[in-house]
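Subject: Structure for you to look at

Hello,

Here is the structure I promised. Please open it first, then read my notes below.

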Amino acid sequence: MSVVGKRVARAEGSERVKGAGLFADDYKYFGMLHAAVVRSPLARGEIRKIDFKTIAKIPGVAGILTYKDIPGRNCVPIVIDDQSFLAERYVNYIGEPIAIVVAENRQTARLAAAQAKISIEELPPLLNPLEALNHPKIHLFGNDNIYKHIHIHRGDVKKAFADCDVIIENEYHTPYQEHAYIEPQSMIAIPFPDGSIEIRGSMQCPFYVRKAITTILGLPENKVRVIQCATGGGFGGKEDVPSLLACQVALPAWIFKRPVKLIYDRTEDMMVTSKRHPAYIKYKSGATKDGILRAVEAEYIIDGGAYSTLSAVVLFRGSVHAIGPYKCENVDVHSYAVATNKVPTGAFRGFGSPQILFAVESQMDQLAEKIGMDPVMFRKKNILRVGDTTVTGQKLEYSVGLEETLDKVIEKSGWTPGKSKEDGVGYGISTIYYGVGLGAGGKSMARTGARVLVHADGSVLFSVGTTEIGQGMTTVLSQIVADELGAPLDWISMMPTDTSRVPDSGPTVASRSTTMSGNALKDACIKIKSVLLEEAASMLDCSTGDIIFDEGIVTGGGKTIKLLDVIKSCFAKRLPLSAEGWYITPSTSWDDNTGQGDAYVVYAWASNLAKVKVDKETGEVNLLKIWAAHDVGKAINPALAEGQIEGGTLQGVGYALMEDMTTNADGAIRNPEFSTYIIPTASDQPEIVPIIVEHPFPGGPFGAKGFGEQPLMGVAPAIANAVYDAVKVRIKDLPITPEKVWQGLKNK
Amino acid sequence: MIIKFKLNGKNVAIEAPGGERLIDLLRERLNLVGTKEGCGKGECGACTVLLDNKPVCSCLILAAQVNGRNVMTIEGVESDARLRAVQEAFVEAGSVQCGFCTPGMILSAAALLRANPKPSRDEIKRALSGNLCRCTGYEKIFDAVELASHKIMKKAASK
């Protein structure tokens, strides 16, 4: 019996419910110091004078470090090396790190950091990306403030628009979205007398952290070991930011030769760590009256903040998703990631796609209405199916379950377009896709390692380079290992992810862990299995081809033996039962100037259907129910897949209806706390109906493809379309607050 | 001052400096790290403990305030058979993702089930609305509370 496809309980669940899971802040080390960061109070300026004399005298303060104390390079490498670890002469956003204070306890460190006196000569900041783009005088990045420009070009847009019967043209805006992981950013550095250093903390990408530490301390990779602690939510927020924290603890640990811990205060965390890029979108699309999407022209501008961090790759994903999951032969999309004097924005579930998909799917409904066709039929005429070509010129050979997801949400909801409904109630749909993995934008990192170790008592320990951040990777990979080895699931354990165990396996992002680490583990397991098979064949006196391994039982030649006895026999004969696994993705291709290429190896697909009731007096949108169908290839664990759908969908609901993070006139985040930045609570939760669709991916373990990000991506436009269906008010600016709907109702 | 209180069923007497928060006493000095700090402002509920059976944010309570009272943390839930059902239900229903909000969530759920053994879905939503979870979408957490309620009632009936 296979455990793949079963709803087995989460591997670390029983420890977490007892509060026994160790998060970074739960660790204590002898002689440990606590760090706090001295930050820029201004959005742009030149540092004139730093005076630490007063805070150095505060009892318990052990030291204050600036860029002058960095033994290696003053840089936190991410994609482009434009971000300093500690500011030298200029500061470029409110919260930019200038110095690190370490003290005997956390309160003292924080108090001292807050009292540091820094004199900065203010320079005029660029806070609006539309002004920053090609600004004549102020150059924050290059001479145009553009981190990245991508152009997607197909066919002849001008000619195609002339042939369209209907054209819809709009501007859309989407705001910051804060990850709001419940565990704040947390990190510890432990120096060793042999000249090595260990980093333990909350993170998605231990290999990014290792690179940052080797850079600032000038150490070789074999002297830096990074171990992931239990991580209390990531969603992209712990992709690149932990590299900064790791530097902030590693430097004092290295200099003072003591362990150092740093936990961000919640307000600090929300002020200074990455968020979803705000976006400004101009979108023009046209169709013929028989419902064929003929032409798309768009300009997509994202606000990257003060340093480039991940903006270039965020823009890549956003651009590939810029026309949605449709066939369209005439496309002209220009995308720009722009520098401003605000907190650097970065990775957040969906990675540049939710913004543009809000525009895409709002446009689709407006086109359908103008043609006089129902929105489902209009989508059906244009969606991608096997054999079709994407906007980037990629031919889809397999695993395209979009139409089935659309059929499923309709079927489960019992709704059909045009069906009568009560006053104020509306239904809205969105169909989307998601390029799985890093794709051509992160081609060089598209590899993973794994190690599997079978012990003499049958217990199995495996290591991978991707991380468990709540998504359920440990459980899913354990299921894969169990099936590949034919061993019972309870024999399998995973080591905490540790850079000293496996080769650099890239980041835990882009919904890539199941497919990448799953395939690497499969590679390792096949090697071990071949040894076990040979041994079992000699024990059963039959050929290896006749042998079946099943949850610890081995049968062949009409006989049955225990897998444990085969393992023991291997050990007695000194045969190796450990192996390394390695996996690289099939080739992808991309051209920034034409936007053409095989952008991703495979795509996940989804349809969302939202049912709302709008209060016509107050403009309040009551989300009654949402049906979310996702083609995941194969659900290795349907319960965990549903968990991803439910959790991601609710984050999408927050993005659609309530999460409204803005900056003030100085460029500071206006609402950096849970009382002012409102995320969905238990009482805001609508009924979510998760639907799993499985169109297997031939290159994935057991047919699986990643999809963890996708549940968030199409929720906002489905709700916007439902609001329009309910009260004929079209909201083009997220979130859909009662004020905006009320204003829309008033203006009608 | 020296404070005396009942912690997870056991008597504790300890010097509590003025101004020390309950969460710091628990985590830093008593090594009960199951209580998590998410915001330090009483906004996220991750640090929820039960004070005389009522859920409170331990980041908003001074250690001195628990003098003479009864405190239960997630570590104490383990020794309470009735409330262990809540933990088991969370595992069974797949309610844990990252697990950082889980201890606080379980204590709020346990307090609810003590006061209201058979809550409706709406009552569950209201009772847990002070505990933020960013991973799960709450759906499977509500399922777990219903499952725990069922388990506890079944056990009581079989006695």
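Two residues are in contact if their C-beta atoms, placed from the backbone, lie within 7 Å. By that rule, 42 residues of chain A are in contact with 41 residues of chain B. Which helix gives the most to chain A's side? α16(A) does, with 6 residues. Helices here are DSSP runs of H or I with at least four residues, strands are runs of E with at least two, and both are numbered from the N terminus. On the side of chain A that touches chain B, 16 residues are nonpolar, 15 polar and 11 charged. Nonpolar means Ala, Val, Leu, Ile, Met, Phe, Trp, Tyr, Cys and Pro; Asp, Glu, Lys and Arg are charged; the others, Gly among them, are polar.

A word on the source. This is a predicted model, in which local features need pLDDT of at least 70 and side-chain atom pairs count only at pLDDT 80 or more, while totals for chains, interfaces and linings use all residues. Residues are numbered from 1 along each chain as its sequence is written, and chains are lettered from A and ligands numbered from 1 in the order in which they are written.

Now the domains. Their bounds come from an automatic or database domain assignment. Chain A has domain 1 (24-123 + 185-263), domain 2 (279-440 + 590-747) and domain 3 (447-584). The centres of domain 1 and domain 2 of chain A, taken over C-alpha atoms, are 36 Å apart. Their contact takes 17 residues from domain 1 of chain A and 19 from domain 2 of chain A.

Next, the core. The largest nonpolar core has 312 residues. Such a core is a set of buried Ala, Val, Leu, Ile, Met, Phe, Trp, Tyr and Cys residues joined through C-beta atoms within 7 Å. Buried means 20 or more other C-beta atoms within 10 Å of a residue's own, exposed means 12 or fewer, and partly exposed is in between; C-beta atoms are placed from the backbone. Ile719(A) is among the residues with the most contacts inside this core. Its partners include Gly428(A), Leu623(A) and Ile736(A).

Last, the backbone. Most residues other than glycine have a negative phi, and most peptide bonds are trans. Arg574(A) has a positive phi, near 60°. Lys728(A) has a positive phi of about 60° too, and lies in the loop between α18 and α19 of chain A. Lys728(A) counts as exposed because it has 12 C-beta neighbours inside 10 Å. Pro735(A) is in the loop between α18 (715-727) and α19 (738-747) of chain A. The peptide bond from Leu734(A) to Pro735(A) is cis, with omega near -10°.

Best wishes

Definitions and conventions:
Lists of a residue's contacts leave out its neighbours within four places in sequence.
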